[in-house]
Structures are given as C-alpha cells and as structure tokens.
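Please walk through this protein with me, one piece at a time. Keep the chain in view as you read.

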Amino acid sequence: MPMKKSKRNKYILIICLIWMQSMILSPRQMAITFDDLPVVFSGRHDESTQKQIVNQILQVLDKHRIKAAGFATGNKLKSPYHFELLKTFVSKGHLLGNHSFSHFDLNRSDIKHYWKDILKCEKIIDPLMGPVKYFRYPLLHRGDSNEKKQAIYRLLRENHYKIAPVSIDNDDYSFNLPVIKAHRNRDIRALKKLKKKYVDHILERIFYFEELSKRKIGRGMKHILLLHMNFLNSMFLDDLLTHLRNEGWVFIHLEEALTDPVYQLEDRYCGKKGLGWLERIK
C-alpha cells in the first residue's frame, strides 16, 4: 500500500533533519597548508608573476575566510620582495612555519647537517613565526633509520618545535608545469581539462584518506591538506575550495586540526617513503 503524501513528506523532513544534525555535530574538517613559500619555481617566473601567484592565492583564502599555514624554504628568499611576500602572508593572519633552508632530503643527509639547515631557515624567518614554531619535513621524509628519525624528533622537541604533519597527501605539484605551459600558450581548452583533472585528483585523494581514517581509527578526523604555493593553485584554488565547501567541508586552523588525538599516536614507520600521518600510525 503506497505511503500517503503527508506521511511521505514528514518522513523526508525527518531524514533531512537527521542529516543536517549530523553535519552540524560532526562536520568534515580540514586545515589548508602550503609548502615551499614564498613561491615555487621562483627562477621560472619574473618578479611580477611571483607576486601575482601569492596575492591571488591570498585573495582566494580571504574569499573563503580561511587562515592557512605556510612553510618557508629559506633558499627561496633571494630578494627583498620575497620577504615582503612572507610579511604579507603573515599580515593576513596566516601561520608561517619552517620547511628547512635547502629542502634537504633527510634520507640523503646526516643528522648534523640536516639540523643546521633547519636552524639556518629559522634564523631568517624567526621574526615572522608566531609564538609556536612549526616544522614540516621536506618530501615528508622523516628518516630512513631509527637513529636519524629519533635524533631529529629530539632536537625539534628540545628547541620547542611542533611537527606539522599531513593527513591528505597528493601530487598537486605534477600539474604545475602543464598548467604554466597551457597558460603561456593561451590554450583555454587545455586549461579547462587540467582544472578538472586537478580537482578530481585532490577529491580522489581526500576520499582515499577519509576511508583510511575510518579503517585505522574507526572515525573521521580533523584533516590537514598539503598544497604548494605555486602557479597551479593561483589558477585553480578557488575552484577546489568552492567544491570542498559545497561538499560540506569546514576549514579550520592548523592549530585546531592538531587537537585531534590521532596526531598524538605513535609514528611507527621508519623508511625511505614520504608518507602522510595515517600511513605512519598502527
């Protein structure tokens, strides 16, 4: 016997209310972070383009009311305007962290030189870092031996650094050069295809790590997304963030994301791979 229209409407309303309540009680939360500040491939772009890349990304973050975290690589600070770009980034309320001076790969470096490289970057950006110092490992490599891994952990802890992990890793950097080429060739068709492929790629990685979170810790989590301060994101970041917001994502600060107990679990991985946090635990 078919359900009466009034009862069916009431049923649909109840389902909608339950769904809305679940979204309010447990929103999908994500911190947005950028590596390689002030800008990727600074040698391939003139000063005007470098400023445009950073300013366009900052405008998009403002539009979406996002306070991001960015990690500076010291050897990219080659000119006074590079420092001004970092100052602008911080003045917008974003957090600045340390990504080392030379972007060393810990797998190919010894403990002494790797730590000196971190301190070299700190000396340059210290006035722009907040009261809490954050460090992100280049390439997400934390050491191919337990000795290296534990030594750098100890030095970071003793020098009051917090590690900024990544829960959603991806290959956004692989789209950067094709987008630059298509833009310079004024190939609108290629840019549209690249934008779709890029957004689809990030969404696929987000879905993968959401499912991995449920398998490993039995729940969703406060995610940390890794992106790069590059030409690609100056072009397509707004499309990506709009899509995520429409899917119910709430953007939070890095500090808020790190309150999730998942980031207090033990890092059990030691090896050459650059892994996100969920692939390091259990």
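What follows is a short tour of strands, a loop and a pair of helices.

Remember that this is a predicted model. Start with strand β2, residues 69–72. It pairs with β3 in the parallel sense, over four bridges.

Now look at β3 itself, residues 95–98. In a regular strand, side chains alternate between the two faces of the sheet. Here L95 and G97 lie on one side, and L96 and N98 on the other. Are these residues buried or exposed? All four are buried, and both faces of β3 are covered.

Move on to S100, in the loop between β3 and α4. Most residues other than glycine have a negative phi. S100 is not a glycine, yet its phi is positive, about 80°. S100 has a relative accessible area of 1%, so it counts as buried, the cut-off being under 20%.

With a relative accessible area of 10%, D36 is buried.

Most peptide bonds are trans. The one from L37 to P38 is cis, with omega near 10°. P38 sits in the loop between β1 and α2.

For a sense of distance, take V39 and I168. They are 129 residues apart in sequence and 21 Å apart in space, C-alpha to C-alpha.

Finish with two helices, α6 (residues 176–184) and α8 (residues 231–246). Their axes come within 8 Å. They cross at roughly 85°. Angles of 65 to 115 degrees count as roughly perpendicular, and α6 and α8 are therefore roughly perpendicular to each other. Which residues meet here? From α6 come N176, V179, I180 and H183. From α8 come F231, L232, M235 and F236. By class, this contact has six nonpolar residues, two polar ones and no charged ones.

Conventions: Residues numbered from 1 in each chain as written. Predicted model: local features only at pLDDT ≥ 70, side-chain atom pairs only at ≥ 80, totals over all residues. Heavy atoms only, no water. Axes fitted to C-alpha atoms, helices over the stretch in contact; angles between N-to-C directions. Parallel < 35°, antiparallel > 145°, perpendicular 65-115°, else oblique. Contact = heavy atoms within 4.5 Å. Nonpolar A, V, L, I, M, F, W, Y, C, P; charged D, E, K, R; others polar. Buried < 20%, exposed > 50% of the residue type's maximum accessible area, 1.4 Å probe, protein only. Pairing = 2+ DSSP bridges.
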